[in-house]
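User: I am new to reading protein models. Please take me closely through one part of this one, step by step.

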Amino acid sequence: MNMIKIAPSILSADFAALAASAERARGADLLHVDVMDGVFVPNITLGPAVVAALRGKLALPFDVHLMIADPEAHIASFVAAGANIITVHAESTVHLHRALQMIKEAGLAAGISLNPATPPCVAAEVIDIVDMILVMTVNPGFGGQTMIPSTLRKVSIIRDIVASSGRHVDIEVDGGINELTVVDAVKAGANVIVAGSYVFDSDDPAAAVERLRKAALAARDSIPAR
């Protein structure tokens, strides 16, 4: 079974003390960094300079999620800033394979992200090059949204695409994740769990991370052998 990884999203952290806020999510496996440009999504967050500043203070691997138009023009900047994984949206570029190649050639793990209305067959076209497939379980652009339940059908289809490929590819979910919704997400096939407001709106982010992990592991262990 795939390892469960918890990736708190700093979109919901305290931007006035970003590094200190992120450090409160102790026990996490990755730090999910949402980069928004106000073009691809209706919000603006942070750029490579902030990622570089955080890289100097935080040891966790950075899972950098580019919700930006023309990602090819910015991949090199986020590589230099210290990203470990870079995920690009299938909808954000007409040259998806090229963008993924750029990430891989830089020595990083490459991910593809799919919006709620994007069909899972898109992932099948690049399954030979991706390391992670991110299924947006809300429409991207803002934190604190409620999960769209129908997106979990896509997670299940992608789980089967990955299994048929014979490759190890992580399946990530992002949007509306809490200790209840994570159960269905993991049962559908997800193993990388992004949670923003659930973690950082908690009085104890580390305890929230642990609750998510406990719920996710219990869900994974309840899945019958295929």
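Which residue in E7 stands opposite Met 132?

Analyst: Asp 170 in E7 stands opposite Met 132. A note first: this is a predicted model, where local features need pLDDT of at least 70, side-chain atom pairs count only at pLDDT 80 or more, and totals for chains, interfaces and linings use all residues. Residues are numbered from 1 along each chain as its sequence is written, and side-chain values use heavy atoms, without hydrogens or water.

Met 132 and Asp 170 face each other where strand E6 (residues 132-136) meets strand E7 (residues 170-174). These two strands run parallel and share five bridges. (Strands are DSSP runs of E, at least two residues; helices are runs of H or I, at least four; both are numbered from the N terminus. Two strands pair if DSSP finds at least two bridges.)

Now step back to the whole sheet. It is open, has eight strands and pairs in parallel. Its order is E1-E8-E7-E6-E5-E4-E3-E2. At the edges are strand E1 (5-8) and strand E2 (31-36), each pairing on one side only. From one strand to the next, the twist averages 25°.

A helix covers part of this sheet. Helix H6 (residues 151-165) lies across strand E5 (109-114), E6 and E7. H6 runs at about 165° to E6 (axes are lines fitted to C-alpha atoms, for helices over the stretch in contact; angles go from 0 to 180 degrees between N-to-C directions).

Next, pick out a residue of E4. His 89 is found in strand E4 (residues 85-89). His 89 has a relative accessible area of 0%, so it counts as buried (under 20%; exposed is over 50%, partly exposed in between; 1.4 Å probe, protein chains only). Leaving out residues up to four places away in sequence, His 89 touches several others, including Phe 40, His 65, Ser 113 and Asn 115. (Contact means heavy atoms within 4.5 Å.)

Two polar partners stand out in the list for His 89. The side chains of His 89 and Glu 91 are joined by a polar contact of 2.9 Å. The side chain of Asn 115 makes another with that of His 89, at 3.4 Å. (A polar contact is a pair of N or O atoms within 3.5 Å; within protein, one must be able to donate a hydrogen and the other to accept it, and sequence-adjacent residues count only if both atoms are side-chain atoms.)
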